[in-house]
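Okay, thanks everyone for coming.

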Amino acid sequence: MRQFTEFKARCAPGKLPGAILSPGHSLANYSHTDSDNGGANLNEKPNSDLLRASVSARLDESMDALRTILNAPRNEDAIFREYSAGNLRVCAVYIEGMADETKIGEFVLHALKAGGGAEDGAPPEERLRRSMLEIAQLSEVTEYAEAVQMILSGMTCLLADGAGEALMLETRNYPHRGVEKPTNELVVNGPQEAFNEHLRTNITLLRRYVQSPELICEKLYVGTGVPTQVALVYMRGVASEELVAEAKRRLMCIQSPTVMGAGEVQQLIEDRPFSLLPQMLQTERPDRAASCLTDGQIAILVENSPYALIAPATFFHLIHASDDSFLRWQYASAIRIIRVLGLLISLMLPALYIAMSVFHNQLIPMALLTSIAESRANVPFPIVVEVLFMEFSFYLLNEAGLRTPTQIGSAFGIVGALILGQTAVSASVISPILIIIIALTGLGNYVIPNYELGVGLILYRLMLIAFSAALGLYGLMIGMFLIVLHLCSIRSFGVEFFAPMSPRRRHNPDLLLRLPVWMQKRALFYAKRDSWLHQEARA
Amino acid sequence: MKKLFAMLLALALLSGCSNHAQVENQAFLLVMGLDRAEGGGIEMSAQIPRISGNSQESADGEGNSSGYAQMSVTGSNYEEALERLDWISPRDLNPAQLKLVVLSRDLAESEDCPELIERLARTERLFTATRVVVCEGRAKDFVSTIRPTVGTRLSTDISALFEHCIGRGFTPRSRLADLYYLQNSVYCDPMVGYAVIGPQMQSGGEQSDAAQPASALSAELMELSERFESDIPMRFIGAALFRDGRMCGVLDGAQTLCANLLQNEMDSFYYNFDDVSVELIPEGSIRLRVDADGDAVALRVRGRLSLAAEEMDIDEEALLDHLNADVKAAIRATQALGVDIFGFAEAAAKRFGTIEDWVNYDWRRRYPGAELDVRLELMTSNA
Amino acid sequence: MRTRIPGRSEALPTIVAAMIMRMYWGLSLDFQYPLNAAWMCPLVGLAIYLPFAFALRQASLIGDSSPWENLAARVPAPVMGLTAAGFAALLIYDAAAAAGLTAISSNILALDDVSPLLLLIPLALVVFCAVRTGACALGDSARLWLRMLPLFSVIILLVQLGNYKLGWITPILGGGIADILSGGIYCAGCMALTSLLWLLALPDRHKGGLLPWAALAAAVTSAVMFSQQMLIPTMTRTDFTIAARIDLILNNGRMTLSPQIVLDVLWFGNMLHLISAEVVAAAEYLRTILPKLPIAPLAAACALAVCGVSAASGAWVKSDPLIVLNLFAVLGAALALLLLTALLGKRGARA
């Protein structure tokens, strides 16, 4: 695998883990100049001194500190519930709506009451943890920064008078969407579950598909101002250590104050953000993500994003669909070929039409040429303008269909047919043949399973239209050459975009043709070579 | 640097703009006829399709608003005539879709013909895949008679008609490429199709003053029309032979059939024997061989055909003799003209090491006096 | 990193694609003396190329790095610098010839109202992007292209099957043994020139040498010339213009018109890869002399050089047979000298 030298532009020199919150790091690191940060100045956050402070043993002090940090009582969501259990004074701090108050009531307060009073000389936090609390998960934190971050995520912070630590109780229960059907990656044969915005649920979905102790889930926070939790998921012993380390490094290098979703994470860590095509795969299907994990890729899940980011991603990952593996190999192979043809049609058909009808009309049979000429006889625009007009109309309809409320969405079918169909032709704004060209182009675009690839191809298509309108087939070939050259130069986490076809790498017979599953035993080239999961084909 | 790049990109894309021609703004030349003009020069006539705005109308037939526009100009030479044609045509002339070039016999036999063929082949955007025929009489009259015959467009009609005639063996492939390349090559000589206006379609008052072979072709055409009880004139029959770029003779339909057979252009064909058409199928290739012993040259033809005639009682020996005799007659006709169209030259060239030796051998001098040995065999098979 | 030194597995497809196209257009348009025996020239050229391939191999065996680096460790720096400059100049010159030919062919095929000189400008863009993107990406692109070549070629061959005339291959020796040998030297020169990138390639997972692939390139070119000869009868005229000769290849009227688009795609695709391969190799040689030169100015300089040389010659850089015939000798001598110096153990300061 190539060295990961592409990714350097968006990382500050010195490569501080500028936005990490993991054990051993504190939220206070976000807010001051640190020598590890190579001299980069971070904005001072409010209450930064308080955030860096340790939890006080005195309950009143701790409560005051947290009130200050959480802006209570102005921030009415922050609840401070004082309670006495015997001679032990405690205070539960949580965010209303994020924490499950029923759990707090039953498993904390009620349990405290039931177990209160007995003193055995142990520190209060020890007594609470061992014998008084009935909550399933709890952990200790010593700094206010960590405590606040966990409170904001829905956990309950239990402060006890005399305890030098705060206990963080797992009480998260906030409203979120359930596991629903995928909206963008539909399959006929296969699971009908999709990721949702809840990180915990998404991780759970993955664990259901990959029930292995080697499935590792490392959690991080990204965003120097407002942290967002991110999970880096991989299979130990299958994904290469360099890949995992590089993914972690890139996540740590994110310097953005806010990171609001997987899309932003992708843009912040991919190799070539200015490239038109994505270098990571976005999938909403847990089965697809699980399959990628077993192939040796890594998955990045982001809180509040119903997608997983998979890396490394090559061109072939972008044109493969989820149900290719579920169908019989003959049909799956045929569908893939159709998909590739659709991709080529989507990319080149309008440009080819322009090149042939304007510059190379000897290649068109005279009968068809006469039809084209007759249909264009009353059209006032040149072919190029016609094509661009139709392309623009198509994109308008596309985008409008996405943004329109469902109730009036069905009207778009009628509007589209009217505008793009009969009326435009009758008014001699466009020729009928162009309707066919654009329709085929659109269909070719929609057979591409990856949305980002489809959008990127739209822009490449416009570029090819410009080249062929100016220079004919010569221009079209130059445009294609430049596109392929550019795509061959981009990397996804060190992996070439057209690998394993070019350059040739170790792979299974699953690129364009998908041969039977039982023939696909080899570990892929980006996985660990002697992976425990794959039977290597011995030479 | 980015500005330089942007300028380069803009320059790169704009450099082709001057060649931007919309398809409906062009006049596509479909058929071109070339005659010797009175007083010297070239008379060029052409058919271009009329493009209407109503795509429901076809471009064929009489009386429709669409159809084919006929134009005719005269120039001192080919280029000038072409330029004048461009002037008078309603749109920019585009010869990219030219299907047929018709040369009058008069012009084909003249000393201007070699240069004309050269200039035809060098015409910009004119592709040498176009067909060339020599016509009896005036090319202008012939061009004016060309109409789609079965309701299709003229372009497809010409191609289909040619393929049909080639399939029947009465006319050769007739591409400008064959004419031009072979004319300049060190091998055999080219032949192109010969066109006659059927008796029903002859222009009034102007009889052809061509020599006997043309009349024979017309007679042959009439006989075929009568035999098949057809009104439709079969235009392409026979072949015009060229040597050094000038037409030097004609083969009739039967001789052209033999020529096509020896060039292995026939998958099967109908052979007229004893007023009966029998279907013959070549089995494998017809082999041409040249044996030379000093100055004595022998041309040998070997091949096998099968007869697909289960219900007829055919005298196979007589048929074979007749066929062999016809083939010999066709070869002798070309020997008399000093034109090798069959491919014996390629067979002879095998015996030499270099092109220089081959050229020095002067095949054209030896071909007319070569002996003939034609032995085609007949195998009987069920159809 | 934009321009990186390619590994052997990346240099290989670039070299093969460039070799095939350079020999093909050279024999079809530039050096036509062998006439209908031109199909033998790549095979003869392969035999003549063997010593050069051997020298390349020896250069790669005398050290662990690329052959050029291995030589640089043993040969005085000024000698290496002069040789690199010479190689770069030759490559730019040849790329200019290919660029001019591409411009003329596009002029013939469709853009007949546009001056071929203007049509060089898009090629300047191609050269610029190729140098900026680098030899590794070019190698991957060439590998993809080589995968598609057989499909396109088979389509054309099958569609033309009925138009071939085997008799046009005879007389078998065509222009004569002397001309075949000259053609072989020409082809060897083409192979030597296009394989200069191998000198710079670093060892990687590709374990074999260049020779088997050069042999494949020669065989493919030979097959293509053979099939072409069966479509175009031998003509001994010497007054054909370059436009007429290009017309014979690309607009051959004996061919079925429908696959012409495939032929045009093959032609332009191969030419673009050839030009890019030569210019990228020239750029890499220049970087051995001037390692600190930034990529963007280098790319711009190469683009200007290629188009400038081509435009100065009126877009058709007719190869002087004397120069071309001696091209192999020039390249072979340069490499032999370097190798000899290296083997004799002379050491010099590294650049």
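So, in which sense do strand 6 and strand 7 of chain A pair, and over how many bridges? Strand 6, residues 215-222, and strand 7, residues 228-235, pair in the antiparallel sense, over 8 bridges. Before I go on, keep in mind that this is a predicted model. Back to the pair: if you want a spot to look at, take A:C217, whose bridge partner in strand 7 of chain A is A:V233. The hairpin these two strands make has 5 residues between the strands, and A:G223 takes a positive phi there, near 110°.

Let me zoom out to chain A as a whole. We've got 17 helices and 12 strands in chain A. The chain has 539 residues, and 43% of them count as buried. As for contacts in chain A between residues at least 6 apart in sequence, 65% join residues at least 24 apart.

Now a helix pair inside chain A. Helix 6, residues 199-209, packs with helix 9, residues 286-295, at an angle of about 60°, and the axes are 9 Å apart. Those two helices of chain A are therefore oblique to each other, and their crossing is right-handed. Who touches whom? On the helix 6 side you have A:L205, A:L206 and A:Y209, and they meet A:P286, A:D287, A:A289 and A:A290 of helix 9. By class, that contact has 6 nonpolar residues, no polar ones and 1 charged.

Helix 17 of chain A, residues 451-489, packs with helix 11 of chain C, residues 260-289, at about 50°, with 10 Å between the axes. That angle makes helix 17 of chain A oblique to helix 11 of chain C, and here too I can give you the hand: the crossing is right-handed. Helix 17 of chain A puts in A:L473, A:Y474, A:M477, A:I478 and A:F481, while helix 11 of chain C brings C:D264, C:V265, C:F268, C:G269 and C:L272. Those residues divide into 8 nonpolar, 1 polar and 1 charged.

Last stop, chain B against chain C. That contact takes 38 residues from chain B and 35 from chain C. On the chain B side, the elements giving two or more residues are helix 1 (2-14), helix 7 (176-184), helix 11 (344-349) and helix 12 (355-361). Which of them gives the most? Helix 7 of chain B does, with 6 residues. And the side of chain B that touches chain C comes out as 19 nonpolar, 10 polar and 9 charged residues.

That's my tour, happy to take questions.

Definitions and conventions:
Residues numbered from 1 in each chain as written. Chains lettered and ligands numbered in written order. Predicted model: local features only at pLDDT ≥ 70, side-chain atom pairs only at ≥ 80, totals over all residues. Contact = placed C-beta atoms within 7 Å. Helix = DSSP H or I, 4+ residues; strand = E, 2+ residues; numbered from the N terminus. Nonpolar A, V, L, I, M, F, W, Y, C, P; charged D, E, K, R; others polar. Axes fitted to C-alpha atoms, helices over the stretch in contact; angles between N-to-C directions. Parallel < 35°, antiparallel > 145°, perpendicular 65-115°, else oblique. Left-handed = near helix turned anticlockwise from the far one by under 90°. Pairing = 2+ DSSP bridges. Buried ≥ 20, exposed ≤ 12 C-beta atoms within 10 Å, placed from the backbone.
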